[in-house]
Amino acid sequence: MIKYLFYQYSITLSLIIEVAISIPLSKTFNYLCDNEVSVGVRVKVPLARKKVIGIVLAIKDKSRYNETNFRKKREDTLGYKLKSVEKVLDKIPILDKSILDLLFWSANYYHYPISKVISYTLPKNLLLGKEAKIKKIIDFPNKLQQPDFQPTDEQNIAIEQILKSTNQYHAFLLHGVTGSGKTEVYLHIIQSMIDQKKQVLVLVPEIGLTPQMITHFKSRLKTRVIAIHSQLNETQKLDAYLMAKNGDAGVILGTRSAIFAPISNFGLIIIDEEHDNSFKQQSSFRYSARNLGFIRAQQSNIPLVLGTATPSLELLKIAMDKKITRITLTKRAGGATLPKVSLIDMRSNTNDALSKILIEKIKQYLSIDKQVMLFINRRGYAPIYYCTQCNWKAQCNHCDSTMVYHRHINRLKCHHCGDEKIPEHVCPNCTKQSLKILGYGTEKLEETLYSYFVDTPIIRIDRDTTRRKKSFAQHLEQINTGKPCIIIGTQMLTKGHDFSNLAMVGILDVDTGFLSTNFRATEYLAQLLIQVSGRAGRHKERGEVVIQTRYPDHPIFNFVLSSRYTQFASQLLKQRLSAMMPPFSHQALLCANAKNKQNAENFLHEAAILLKSIQMNSVEIWGPIANTIEKKSDYYYFNLYLQSNNRVTLHQILSTFSQHINKLKLKNKVRWYLDIDPIE
Ligand code: ADP
Ligand code: ZN
Ligand code: ZN
């Protein structure tokens with residue numbers, strides 16, 4: 001009897017815990033633990049012959065295990081002998097319940113293993129077992145600067161309406177035209193949260209926006225403002241993480257991954273430029289930070305504010321369904337008006353980047369000391385290097401794409417795989433010396449502009465000129481001096497920037513957008529045109545936008561010229577409804593790629609058969625279909641599309657599929673992944 005009691009006693013002390021470990025395996029592991037331990041702390045555990053760091057996900061009900069065996073023989077459900085935890089690293093959980101709830105929700109929804117979700121979201125230093133301690137707490141006796149203006153009536157209404165719903169879940173779409181002062185609305189509601197000792201999470205699309213925004217926020221808010229983004233070093237990342245977690249930071253400003261920041265005293269989430277695609281991660285863990293914003297706000301029971309001048313169709317639909325409150329700012333703040341937009345028909349123009357009219361306009365604006373921005377979404381010197389005799393084109397050996405000529409390094413480069421080579425002098429096909437470039441990119445545009453405007457500074461902002469850390473911020477600083485200059489901007493410059501002396505925007509080449517096979521292309525193009533146009537004339541004098549196109553009759557321009565985004569979006573929504581495309585249905589993509597083309601395609605054929613055998617009539621399956629760019633870095637890409645009007649059914653079929661995926665013969669011959677709510 002005594003012996004029996006002793007046995008019971010030792011059992012209660014040693015627990016079985018489930019641990020997530022950051023290794024490329026999807027499963028979690030069970031261990032025995034003799035020490036005090038709670039969910040969310042880190043533990044050091046043996047795995048194979050190594051010692052690794054893991055996170056405790058659950059403390060398990062011992063009765064599920066074979067208690068009649070002696071401890072060293074006790075086995076877990078898989079029949080392995082359980083090993084013991086070597087050390088418990090934390091007293092206070094690194095991941096508290098609220099953040100674990102979000103991570104489990106994400107793992108489940110995106111069909112992505114919880115251990116990988118955790119290793120994606122935790123700072124590396126914590127995964128390495130380093131102490132959860134702040135090295136350098138950033139200070140905030142900031143010099144506060146209040147603006148010399150009062151909120152407009154529209155801004156006041158927006159502020160009041162949002163503040164009415166604090167302390168509960170409520171989603172708002174702050175739909176304000178470009179330059180309407182959405183940031184001002186954010187600042188007021190944030191300060192109100194700070195006064196209530198609450199923390200606010202603000203998500204912005206690109207790191208480029210952060211330096212400006214962080215200085216702006218710091219100068220306005222009576223709290224510590226921290227930034228979480230990919231350019232921080234590991235120590236800074238850990239510090240930022242802990243300052244958010246401990247409540248030391250009142251405002252956490254970050255790009256998409258900041259949606260997973262631990263926040264102890266959560267008051268509000270703001271997602272700026274909601275429509276922006278960078279909120280969706282396009283590799284490994286393919287989550288949408290915008291969509292998770294809704295989940296996190298619901299789980300934390302707090303308001304969510306999504307701001308934009310060009311709402312995504314997804315948001316417009318849920319606004320129509322009254323699941324989100326739409327607040328509009330219809331006027332530009334501070335008396336500025338929306339720019340005048342006009343088209344230049346390029347059909348009669350030869351291959352020149354710039355029409356004569358546009359060059360004249362640039363001259364005019366520079367002569368009155370204004371800044372001009374030219375938007376072109378193609379970096380490099382020229383996109384095509386070809387033979388005028390036989391039509392041979394320089395193609396990448398590893399991808400289905402042409403190579404782009406980069407003049408400053410005299411190389412042909414593949415923008416998909418990064419491969420580069422010295423350009424041939426004679427045609428490799430017909431051996432004639434008849435090779436030429438065709439088209440233009442940012443680099444050639446810069447050169448052309450120099451020939452017209454010798455004395456004007458030209459600031460080119462693309463991935464080639466901003467590779468170095470801080471160089472983007474330096475370019476922005478130069479623009480913000482307000483001195484006359486020509487800015488060559490790519491996608492990086494479309495978002496949120498507020499350049500006070502920028503009077504004209506020229507949009508050079510968006511016609512490729514009309515040729516895209518993505519059903520969302522028109523929506524994106526409308527957003528891009530309005531956003532780029534929205535950079536012009538944001539202060540006092542009215543700005544001007546000039547769009548060069550070979551499709552001047554395209555209906556999209558009707559709406560863009562008169563800034564009627566919502567009407568255009570409503571038309572698109574009607575089309576989507578009649579075709580039952582998202583947001584009126586839900587999609588998932590099963591993607592496979594392999595060096596052997598047949599394997600990639602056949603794997604998806606196998607997968608399609610398995611999916612169809614799961615028998616859910618309400619899920620449509622199309623494919624496999626080759627990717628738009630079929631070959632990338634020597635791998636062939638194929639997609640299988642799943643679509644359903646019912647999100648739950650779609651996810652059920654995917655879960656069942658994931659459980660049976662091992663049955664697929666080609667599983668180990670391909671790389672595959674699921675993309676939930678794909679956008680490309
Ligand atoms: P949005 O994000 O809506 O495009 P911003 O928040 O960048 O617009 O604001 C545009 C400009 O208007 C900024 O320079 C800002 O300082 C200014 N502004 C905002 N609110 C007001 C206001 N109430 N009165 C005057 N100027 C304002
Ligand atoms: Zn040739
Ligand atoms: Zn390539």
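Start with helix α12 (residues 442-452) in this predicted model.

Seven strands make up an open sheet with parallel pairing, and if you walk across it you meet them in the order β9-β10-β8-β11-β12-β7-β13. At the edges stand β9 (225-228) and β13 (325-329); each has a single partner strand, so one side of each is left without a neighbour in the sheet. From one strand to the next, the twist averages 20 degrees. As a reminder, strands of a sheet pair through backbone hydrogen bonds, either parallel or antiparallel.

Look for Ile271 here, opposite Leu306 in β12.

Carry on to strand β7 (residues 170-176), which pairs with β12 in the parallel sense over six bridges. Phe172 has Val305 in β12 as its bridge partner. Helix α6 (residues 182-195) packs on the sheet and touches β7, β8, β10 (251-254), β11, β12 and β13. Its direction makes about 170 degrees with that of β11. Helix α8 (residues 234-246) packs on the sheet as well, touching β9 and β10, and its direction makes about 130 degrees with that of β9.

While you're around β9, have a look at Arg224, in the loop between α7 (209-220) and β9. Is this arginine, Arg224, buried or exposed? Arg224 has 20 C-beta neighbours inside 10 Å, so it counts as buried. Leaving out residues up to four places away in sequence, Arg224 touches Ile138, Phe140, Met243, Asp248, Ala249 and Gly250. The C-alpha atoms of Arg224 and Ile252 are 8.7 Å apart, with the two residues 28 places from each other along the chain.

Last stop: helix α17 (residues 565-579) and two helices that pack with it. Helix α10 (residues 313-320) meets α17 at an angle of about 85 degrees, with the axes 10 Å apart, and the two are therefore roughly perpendicular to each other. In that contact, α10 supplies Leu313, Leu316 and Lys317, while α17 supplies Ala569, Leu572, Leu573 and Arg576. By class, that's five nonpolar, no polar and two charged residues.

Helix α15 (residues 521-533) has axes crossing with α17 at roughly 175 degrees, coming within 11 Å. That makes α15 roughly antiparallel to α17. Here Thr522, Glu523, Ala526 and Ile530 of α15 meet Tyr565, Phe568 and Leu572 of α17. Sorted by class, the contact of α15 with α17 has five nonpolar, one polar and one charged residues. Leu572 of α17 turns up in the contact with α10 and again in the one with α15.

Note on methods: Residues numbered from 1 in each chain as written. Chains lettered and ligands numbered in written order. Predicted model: local features only at pLDDT ≥ 70, side-chain atom pairs only at ≥ 80, totals over all residues. Axes fitted to C-alpha atoms, helices over the stretch in contact; angles between N-to-C directions. Helix = DSSP H or I, 4+ residues; strand = E, 2+ residues; numbered from the N terminus. Parallel < 35°, antiparallel > 145°, perpendicular 65-115°, else oblique. Contact = placed C-beta atoms within 7 Å. Nonpolar A, V, L, I, M, F, W, Y, C, P; charged D, E, K, R; others polar. Pairing = 2+ DSSP bridges. Buried ≥ 20, exposed ≤ 12 C-beta atoms within 10 Å, placed from the backbone.
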